Amino acid sequence: MTTLEIFAIILALLGIIGSIVPGIPGPPLSWVGLFLQYLAKGVDPVSTTTLIIFLVAATVVTVLDYVLPPTFTRALGGHKAAATGAIIGLFVGMFLTPIGMIMGSILGAFIAELVVEDRGVWESFKASIGAFLGFIITTGMKLILCGWIFLIIIKHVL
């Protein structure tokens, strides 16, 4: 196993972690790992076409990660406060389990809508569900893409 392959595996693992932990760009890190695998092994295991397709996929998923959560939040009647509250709740929940991250996201959006926007309980609840749905969908997309890239790298290293 070469140094490039070791870095490829590390970046792919960081990409998976970054799919869940906010602030770490999961798909771009995984793609860089795939690119290092490409450099380490040449065109044989990972073709240039595959590299380009995954670059486009990583770019699209990264953009959607910024677009979908506020879109879902607004679609269910939420404001910017709900999206901000969801992110703050997610950070606070990180110190607990993944369940803490999910619950923190929902509670953060709910409390922000209730307190900051002075909305009723039902409207705040709907907004928090929108923020949660956006988070779950984008996290799922990132995990699928980064997991797929990780499997490609591992397949060609072993």
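Lysine 142 is buried, at a relative accessible area of 9%; buried here means under 20% relative accessible area, exposed means over 50%, and partly exposed is in between, with a 1.4 Å probe on protein chains only. This is a predicted model, where local features need pLDDT of at least 70, side-chain atom pairs count only at pLDDT 80 or more, and totals for chains, interfaces and linings use all residues. Residues are numbered from 1 along each chain as its sequence is written, and side-chain values use heavy atoms, with hydrogens and water left out.

What does lysine 142 form a salt bridge with? The partner is aspartate 65, with the closest N and O atoms 3.2 Å apart. The criterion is a side-chain nitrogen of Lys or Arg within 4 Å of a carboxyl oxygen of Asp or Glu. Aspartate 65 sits in helix H3 (residues 48-75) and lysine 142 in helix H6 (residues 121-157), so this pair ties together parts 77 residues apart in sequence. Helices are DSSP runs of H or I, at least four residues, numbered from the N terminus. Aspartate 65 is partly exposed, at 23% relative accessibility.

The whole structure has four salt bridges. One of them joins the side chains of glutamate 113 and arginine 119, at 3.5 Å, N to O. Glutamate 113 and arginine 119 are both buried.

Another links glutamate 123 to lysine 126, at 3.6 Å, N to O. Both residues lie in helix H6, three residues apart, about one turn of the helix. Glutamate 123 is partly exposed at 28% relative accessibility, and lysine 126 is partly exposed at 27%. Salt bridges with shared partners join Glu113, Arg119, Glu123 and Lys126 into one network.

Conventions
Helix = DSSP H or I, 4+ residues; strand = E, 2+ residues; numbered from the N terminus.
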